[in-house]
Structures are given as C-alpha cells and as structure tokens.
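Biologist: Thanks for sitting down with me. Could you take me through this fold, one question at a time?

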Amino acid sequence: MPGTKVLITGIDGYSGWPLALHLLSRGHEVVGIDNFVTRKRVREVGSWSATPIPSFARRQAAVRTVLGKEIGFHRGDLGRYDFVRHVLEVERPDTIVHLAEQRSAPYSMIDVHHAVDTQVGNLTGTLHLLYAMREVCPGAHLVKMGTMGEYGTPNVDIAEGFFEVEYRGRRDRMPFPRQAGSWYHWSKVFDSGDVMFASKIWHLRATDVMQGVIYGVRTPEISDDRLLTRFDFDETWGTSLNRFIAQAVLGLPITPYGKGEQRRGFIALEDSMQSLRIAIENPAATGEYRVLNQFDAAYSVNELAEMTARVATEFNLRPVVEHPPNPRTEAEQHYYNPIHDRLVALGYRRTREFEDVMREIFRDLIRFRRRLEARRHVVLPTVQWASADSRAALVARAPPPRNPPTDPGPGDESEHTAA
Ligand code: USQ
C-alpha cells in the first residue's frame, strides 16, 4: 500500500529517523514532528550519541542528496495542543506513528522531577494527539509505540494485549494485566488505557505496539554517514545489548545486572522498522484498538553478555563479564513466554540474526571509538530504583577526561530548525 502519508512524531530519534528513511524507500510520504528534547536530555546526563548526528536541517538535506526525497518537518512540542492540531490540519496524514515520548526507564527513576516529567509529558502528548485526531482526522490510523515492559514478568504466558478470563463462573475478553517496572513503563501503561478508551468512544483506529528492546545501528537505507541514526550507550539512554557492545569496545566490563537471568524480548532495529511498516500498511479497523507484541526472541541478559564477549574476540577484544549489584528493582529469575503471533500473521519475517547485527554494531563503534572514549564515565550505572533521588549520584560520577578528544565525525548535536 505505497503512497500513504505518514506523520512521525519524534522523527529525530533512534527509531523515528530510520523509520522515515524506510518508509520513503517504500514509496510513502513522510512528515515529521520533533522538539529535539532527546538531544537535550542526553546532554543533561553528560552523554552523546556514539554516532555523530547532523542537525535536522542537514539530515533533510542529506535525504535530498542521497535518496532524492523530501521529508516535511514541523519543529514543536506535543505539549502544546494548538501546535498538534495545526500540524494535523495542515498535513492531514493517513497514519500517525507516535514515537515522541521520553523513552528511558532509568531517566524516569532519577528523582521526582524526572518521574513527573516523564509521565506528564508522555500522557499529555498522547492525549493531545488523540483529541486532535478526533477533531481533524478521525479516519487516520494511530500507531502508538508501547512497550513489552508494560506486562512485567508474570508467572504465566503473556497474551497479545487481550485474553479470555474465567472468574467465578463467568467469562470475558479482557486486557492482559499490566505490571510495569519503572515510572517510564507505567507511563506507557496509562497511555495504552487512554488509546484504548479513545478508540472506543470516538471510533478511532489504533495499533498499540508492545515493543521489545531494540538493538542495532543500521538499516539498509542508512547508506551514507549523513543518514546515521543516533546510538546511545550511557547508563540512562543505552539499551542493554547496545551498551554491552560499547562496554566491550571501551575495555569496560560487560554488566548484566544482578543474577543476569532477567529475560526480555529483543528485535533488531531493521526488523522493528519492518514491523512498524507492516502495521502502517495493514491498519486497524475503525474503532479497533489492536495490540501487537513486537519482538523476535527472548534472551536473558547473561546470554547477551556471553554472545557479546564471544563476538568481541573476532575484533581482538577480550571483555570480562561482571555482575554489578542490580540498580533496578526487578525479578532476576522468572518465567517469560509472551505470545507474538499477530505480526507474523500480517507477513512479518525476521531478517536479521543476532550475531550479524552485533558484528555490524562492533564495526561502527570501533570506527567511532573516540566518541565513546570521550564519554566512558557515563557508562556504568548510578541511578538506583529503590532510591527516591539518584540525582546526586548521577552528578557526582567521574567527570569527563580533561582534554576530551574532539568530535571526529561529520555531525553535531545542536538543535537547529529545519531548512
Ligand atoms: N540490563 C543489564 N545491564 C545493563 C543494562 C540493562 O542487565 O547494563 C538489564 C536491565 O536490568 C533489564 C534489561 O537489561 O532487565 C533490559 O534493560 P534495557 O535498558 O535494555 O531496556 P529497558 O530499560 O527495559 O528499556 C528499553 C527501552 C525502552 C523500551 C524497552 C522495551 O529504553 O524505551 O520500551 O526497552 S522492554 O524492555 O521490552 O520494555
């Protein structure tokens, strides 16, 4: 179904940018919204992307030069309802992919202000989009980024959104219980409730994507360094496998927290883009609130650490695996069997194998090693789930080296407006 007009909120982010490139390559029209707050928040914790990221104006220019395509762009904040409504009125998208949310569990656990910022920001943006859709484009399809972490780690199989329950002799189809593990993950739970309710009362069409942990740095459309997506590796913004590979490249220990038997579902960046495109090209029906569990396979963090250490030897790296005390409050040994059939039924096929993607990440991170070196002090964990305030620990951690290497790449981390 090429030719769909897709509005991506959070187009400047880790997933938003490669999604834009992927959709353009498949003949869709892409318009984005971003307020560049991710760049700002990553700077706030003293870090930056391992890959150099051009300003958004330069990103647009690179798309023009390399791919011969245009990306429309509106700089602004989903916290302003007038702005959200205005963009929808001007653009009239067929699909809205909503990625513009604070996406880090550790960031949400720093202190009360970061918890509130996460929940107020995420819920406000979603509610503004839902109301603006209702007023301006009620026939559009909302693809909302949720997270597998909404379900937690129950001791039974995890359904794909809904399941049949029998209680005291009566049966019903009900949402599968949510037991999130951070203020961030709870914000996604509350969002899910809001999207489900809006679909019901206003007959909107919505897909809630319960996404597993994404890993990877490349997609086939990233054919030029100017098209790179961001790659976070610090304790706050980096996801586990991406962090483990950065640790191996830096000569730091690989850190499965605690016992390391906590299991999560994982999906490669490229396959995550494929599944979002499939959701866009096969929209939910009018009034339908559809849930897709989006991951390929579940691994324990110990398994990830072992794989990282093994693949590292191919690059003459010999990392050690250490188990720091777990800064999070989470089950470290548990049952984990989520169902994930619906995307496959829609045509999704896994295309990337774990170790191939790992090699790709190693190659890029070795290339950008100096950017990693300049921020090695932000890799090890300081934010403690059980503490009401981890801000002091975050600020007090080892300072950057006195003479950090200069940025070797073509990018910058500033927040320019679009051309
Ligand atoms: N972990 C370690 N060592 C580390 C980093 C993480 O053992 O150095 C463990 C964590 O304790 C956790 C697991 O790895 O048990 C996953 O942590 P993560 O940081 O890779 O992922 P998480 O915080 O759950 O969040 C990430 C994304 C988030 C997305 C979520 C999908 O940041 O936006 O929603 O993955 S999911 O995990 O399925 O909820």
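Biologist: Let's start with M145: does this residue count as buried or exposed?

Modeller: A word on the basis: this is a predicted model, where local features need pLDDT of at least 70, side-chain atom pairs count only at pLDDT 80 or more, and totals for chains, interfaces and linings use all residues. Residues are numbered from 1 along each chain as its sequence is written, and side-chain values use heavy atoms, with hydrogens and water left out. Buried means under 20% relative accessible area, exposed over 50%, and partly exposed in between, using a 1.4 Å probe and protein chains only. Since the relative accessibility of M145 is 9%, M145 counts as buried.

Biologist: Which element holds M145, and which residues does M145 touch?

Modeller: Helices (H or I, at least four residues) and strands (E, at least two) are DSSP runs, numbered from the N terminus, and M145 falls in strand 5, residues 141-147. Contact means heavy atoms within 4.5 Å. Leaving out residues up to four places away in sequence, M145 touches H98, L99, E101, K188, D208, V209, Q211 and L276.

Biologist: How far apart in space are M145 and L276?

Modeller: In sequence, 131 residues separate M145 and L276. From C-alpha to C-alpha, their separation in space is 9.3 Å.

Biologist: In what order do the strands of the open sheet run?

Modeller: Two strands pair if DSSP finds at least two bridges between them. The edge positions go to strand 3 (72-75) and strand 11 (289-294), each pairing on one side only. Seven strands make up the open sheet with parallel pairing, and the order is 3-2-1-4-5-8-11.

Biologist: How many bridges join strand 8 to strand 11?

Modeller: Strand 8 covers residues 205-211 and runs parallel to strand 11. Opposite L292 in strand 11 stands V209, and M210 faces N293. The number of bridges joining the two strands is six.

Biologist: Why is strand 11 described as largely enclosed, and which of its residues point the same way as Y289?

Modeller: Strand 11 is largely enclosed by the rest of the structure because six of its six residues are buried. In a regular strand, side chains alternate between the two faces of the sheet. Here R290, L292 and Q294 point one way, and the other way, along with Y289, point V291 and N293.

Biologist: At what angle does helix 7 run to strand 5?

Modeller: Axes are lines fitted to C-alpha atoms, for helices over the stretch in contact, and angles run from 0 to 180 degrees between N-to-C directions. Helix 7 (residues 183-202) lies across strand 5, strand 8 and strand 11. Its angle to strand 5 is about 155 degrees.

Biologist: How far apart are the axes of helix 8 and helix 10?

Modeller: Residues S240, L241, F244, I245 and A248 in helix 8 meet V301, L304, A305, T308 and A312 in helix 10. The two helices pack at an angle of about 35 degrees, and their axes are 10 Å apart.

Biologist: Finally, is T4 buried or exposed, and which residues does T4 touch?

Modeller: T4 lies in the segment before strand 1 (5-9). With a relative accessible area of 5%, T4 is buried. Not counting residues up to four places away in sequence, T4 touches H28, E29, D94, T95 and I280.
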